[in-house]
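Here is a short briefing on one chain. It covers overall build first, then aromatic contacts.

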Amino acid sequence: MKSDLRIGIAGGGLLGRLCAWRLSLQGHHISLFEASSLERPAGACWTAAGMISPLSEVVATEREVYDMGLQSLAIWPRWIAELEASQGRNMHYRQAGSVVVAHPLDEAELRQFHQDLRSKLGDSSDVELLDASGIQRLEPDLADHFQQGLYLKSEADINNRRLLGALLDELRKNGANLHENCKVQSCEPFRICHAQGTDEFDLVIDTRGLGAKDVFPGLRGVRGEVLIVATDEIKLNRPVRMMHPRYKLYAVPKPNGQIVIGATEIESEDMSPISLQSCMELSSALYALNPAFAEARIVETSVNCRPALMDNLPCVENSPGLLHANGLHRHGYLLSPVVVSDVLSKINQLNQNVA
Ligand SMILES: Cc1cc2nc3c(=O)[nH]c(=O)nc-3n(C[C@H](O)[C@H](O)[C@H](O)COP(=O)(O)OP(=O)(O)OC[C@H]3O[C@@H](n4cnc5c(N)ncnc54)[C@H](O)[C@@H]3O)c2cc1C
């Protein structure tokens, strides 16, 4: 089997860099083309909260997202260990579960969420009902305000921006050809046409996310807005979701006292800055989580569009010389290890057929 293919990858977001990293470790020669900066990619990967939450997500989506999410939860620790060993630093991958809470007035929402979870998964040992003492044990800073919740034990999260930076470092170390601010005009079998010319490869992988509309007519963007706040007043130990009849808020703690608050989900490809309404709703939901958040500082707002197909499920399509992977929607960090493994096994099959 050939292990030194020349592979061109269009799109240096989450899928593009993970594919590039894994393939470079196999000895292939990688060229990666990114339309924006590689240090701060323009894709959804940069805006995302980095939750790896199969249980929370299964309530509103297909069961296969949960099944694939569990497979990802088995792959991430291995990949993270490899990255940490090579980088000599912590990736802030945390498998400490997540907590779902609701104010007494919104307890019906919490009950409904639990019921939906049970109807999808049956009685799972991964789900624990929390009373006030359970909340005190897991999230002491929420204990004064919530008496009921759920603990979704197996869920994880990752410092996504650190991961993206680490993957870039690894690609540099492994000798990949990195082309930033280089927009790909078309991905063709064995060929990438880009702003600076045309390059030939043994294989082209298209991971342009929303930039691949020429290939996937049904591809659409789903706008998501987040706030990043900083506070010393409140400490969260894991992602927290708050049930509410109008908006579903999550708060994901990051290093340095920062917390990502998200996210809206709007059927629109508008990439303009966060609206006042979304900012108010996210802020007031956060304030409802704990009034001490009133003193938090908003350090960043971020908007992006999730690349989604009609069924909101990921898709890997391959043909000789060209492979497309897309449609991660709101599940990029949740599902990318499985999607990337699928891409790799399709390439290995192709390779074996050629050999
Ligand atoms: C607000 C928000 C919160 C989210 N939170 C989570 C979460 O907590 N957990 C989770 O699992 N997922 C989350 N997601 C979803 C996740 O971010 C996406 O599923 C994931 O980033 C998709 O990965 P991708 O590589 O396919 O696309 P992207 O990350 O969008 O990357 C595509 C890349 O291709 C580049 N590109 C586009 N066109 C071209 C071109 N013509 N030439 C060259 N390069 C091009 C783009 O600049 C971009 O860098 C969230 C998304 C948003 C918006």
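A residue counts as buried when its relative accessible area is under 20%. By that cut-off, buried residues make up 55% of the 355 residues in the chain. The model is predicted.

**Overall build**
- The chain holds 9 helices and 20 strands.
- Along the principal axes, the C-alpha atoms fill a box of roughly 60 × 40 × 40 Å.
- Of the contacts between residues at least 6 apart in sequence, 74% join residues at least 24 apart.

**Phe-33 and Phe-201**
- A search of the whole structure gives 3 aromatic pairs.
- One of them joins Phe-33 and Phe-201 edge-to-face, at 6.2 Å centre to centre and 75° between the planes.
- Phe-33 sits in strand β2 and Phe-201 in the loop between β12 and β13, so the pair ties together parts 168 residues apart in sequence.
- Both Phe-33 and Phe-201 are buried.

**The tryptophan cluster**
- Trp-76 and Trp-79 have ring centres 6.0 Å apart and planes at 80°, so this pair is edge-to-face.
- The two lie 3 residues apart in helix α4 (residues 63–87), a separation of about one helical turn.
- Trp-76 and Trp-79 are both buried.
- Ring pairs link Trp-21 with Trp-76 and Trp-79 in a cluster.
- Arg-22 lies over the face of Trp-21, 4.5 Å from the ring centre.

Methods:
Residues are numbered from 1 along each chain as its sequence is written. This is a predicted model: local features need pLDDT of at least 70, side-chain atom pairs count only at pLDDT 80 or more; totals for chains, interfaces and linings use all residues. Side-chain values use heavy atoms; hydrogens and water are left out. Rings of Phe, Tyr and Trp (its six-membered ring) pair if their centres lie within 6.5 Å; planes under 30 degrees apart count as stacked, over 60 as edge-to-face and the rest as tilted. Helices (H or I, at least four residues) and strands (E, at least two) are DSSP runs, numbered from the N terminus. Buried means under 20% relative accessible area, exposed over 50%, partly exposed in between (1.4 Å probe, protein chains only). A charge sits over a ring if NZ of Lys or CZ of Arg is within 6 Å of the ring centre and within 35 degrees of the ring normal. Contact means heavy atoms within 4.5 Å.
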